[in-house]
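Please read these notes with the model open beside you.

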Amino acid sequence: MREGIDNTDNTAHYPSLAGRAVLVTGGATGIGASFVEQFARQGARVAFLDIDDAGAQALVEQLHDVPHAPVYLHCDATDIDALQASIAAARAQIGPISVLVNNAANDVRHSFAKTTPADFERNIAVNLRHQYFATQAVVADMRANGGGSVICLGSTGWMIKNAGYPMYAMAKSAVHGLVNGLARELGGDRIRINALIPGWVITEKQRRLWLDEEGEEQIRRSQCLPGHLQPEDLARMALFLGADDSRMCTGQHFIVDGGWV
Ligand SMILES: NC(=O)c1ccc[n+]([C@@H]2O[C@H](COP(=O)([O-])OP(=O)(O)OC[C@H]3O[C@@H](n4cnc5c(N)ncnc54)[C@H](O)[C@@H]3O)[C@@H](O)[C@H]2O)c1
């Protein structure tokens with residue numbers, strides 16, 4: 001049992017997710033792996049894209065007991081041709097996509113002063129561009145299904161004016177624009193699009209790279225709720241947004257940050 005989360009299990013079950021085709025980008029590790037696991041445990045048919053083959057394989061092995069084994073497809077989401085081909089391959093294996101989780105990203109730190117145009121293009125490609133094109137690639141499926149749900153991962157990092165990653169901040173702020181810019185256009189077909197906004201989620205990567213005593217102190221001071229946000233805390237909200245329970249929610253920004261101020 002992780003901090004405050006009892007997997008034995010008193011959390012919600014969503015019957016509408018059973019058998020539903022769910023696609024997660026960047027699903028091999030971190031929060032994305034929790035999306036894959038939690039949707040799969042609801043009985044969904046999950047496919048996930050990533051570049052981390054070892055992480056993906058470990059996840060698939062770990063999920064040997066779910067109703068439908070998750071399907072892993074190696075895909076660099078910055079390559080839009082490869083992204084479109086992988087989405088077609090996922091569709092062939094799990095059926096027309098009903099839920100898309102636009103999760104892949106890299107919060108790599110970078111210098112504002114030293115940014116080149118090529119750095120800029122690379123950063124936008126990994127943190128924003130694929131969200132737009134993956135959404136474009138699943139809309140026909142969702143339309144044919146009579147609706148669907150697109151969940152776009154944002155970040156509170158830019159909202160609280162964190163320094164050290166201005167391009168990442170800019171890309172993540174644009175996720176709000178993507179959601180607001182498409183909600184009406186897609187809504188007529190009952191395709192919902194929402195932003196899911198994590199605070200500081202203590203994944204293995206965050207623990208390895210960034211969490212130190214100062215960070216722990218910052219969490220104690222800034223969150224209203226004690227303890228570390230876990231990937232599962234984000235996955236619980238994603239399940240709700242993927243399920244019929246959220247049928248009238250679109251164009252919204254759902255923040256899960258422990259009440260960070
Ligand atoms: N962890 C946090 O505190 C936090 C805070 C705010 C927002 N977020 C957002 O939540 C989402 C998940 O965060 P995380 O911490 O698990 O991220 P992470 O960096 O730990 O994992 C992202 C996943 O995406 C994959 N990935 C990276 N580049 C890729 C590419 N080019 N093509 C395909 N896959 C690629 C990685 O291999 C990894 O499995 C991201 O969108 C992130 O921006 C996270």
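1. Isoleucine 255 is partly exposed because its relative accessibility is 42%; buried means under 20% relative accessible area, exposed over 50%, and partly exposed in between, with a 1.4 Å probe and protein chains only. Isoleucine 255 sits in strand E7, residues 253-256. Helices (H or I, at least four residues) and strands (E, at least two) are DSSP runs numbered from the N terminus. This is a predicted model, in which local features need pLDDT of at least 70 and side-chain atom pairs count only at pLDDT 80 or more, while totals for chains, interfaces and linings use all residues. Residues are numbered from 1 along each chain as its sequence is written, and side-chain values use heavy atoms, with hydrogens and water left out.

2. Now the ligand. Around the ligand are 28 residues, of which Asp50, Asn103, Tyr168, Val201 and Lys205 come nearest. A residue counts as near if one of its heavy atoms lies within 4 Å of the molecule or strand in question. The shell divides into 13 nonpolar, ten polar and five charged residues. Here Ala, Val, Leu, Ile, Met, Phe, Trp, Tyr, Cys and Pro count as nonpolar, Asp, Glu, Lys and Arg as charged, and the others, Gly among them, as polar.

3. A polar backbone atom of asparagine 103 is 2.7 Å from a ligand oxygen. For isoleucine 31, the distance from a polar backbone atom to a ligand oxygen is 2.8 Å. For glycine 199 it is 3.3 Å, again from a polar backbone atom to an oxygen of the ligand. A polar contact is a pair of N or O atoms within 3.5 Å; within protein, one must be able to donate a hydrogen and the other to accept it, and residues adjacent in sequence count only if both atoms are side-chain atoms.

4. How much of the ligand does the protein bury? The ligand alone exposes 830 Å², and the protein buries 91% of that. Helix H1 (30-41), helix H5 (166-187) and helix H6 (204-209) are the elements that give two or more residues to the shell.

5. The whole structure has eleven salt bridges, each a side-chain nitrogen of Lys or Arg within 4 Å of a carboxyl oxygen of Asp or Glu. One of them pairs arginine 41 with aspartate 65, at 3.3 Å from N to O. This pair links distant parts of the chain, 24 residues apart: arginine 41 is in helix H1, and aspartate 65 in the loop between helix H2 (53-62) and E3. Arginine 41 is partly exposed at 38%. Aspartate 65 is partly exposed at 47%.

6. Aspartate 141 and arginine 91 form another salt bridge, with their closest N and O atoms 2.7 Å apart. Aspartate 141 in helix H4 (residues 117-145) and arginine 91 in helix H3 are 50 residues apart, so this pair too links distant parts of the chain. Aspartate 141 is buried, at 9% relative accessibility. Arginine 91 is partly exposed, at 27%.

7. Helix H7 (residues 213-222) holds a local pair. Arginine 221 and glutamate 217 are four residues apart there, which means they are separated by about one helical turn. Their side chains meet in a salt bridge of 3.9 Å, N to O. Arginine 221 is exposed at 56% relative accessibility, and glutamate 217 is partly exposed at 33%. Salt bridges with shared partners join Glu213, Glu217, Arg220 and Arg221 into one network.

8. Two backbone angles deserve a look. Most residues other than glycine have a negative phi. Lysine 161, not a glycine, has a positive phi of about 65 degrees. Lysine 161 lies in the loop between strand E5 (148-153) and H5, and is exposed at 70% relative accessibility. Arginine 190 has a positive phi of about 60 degrees, though not a glycine. Arginine 190 is in the loop between H5 and strand E6 (191-198), and is partly exposed at 48%.

Conventions
Accessible areas come from the Shrake-Rupley method with a 1.4 Å probe; for residues, only the protein chains shown count as cover.
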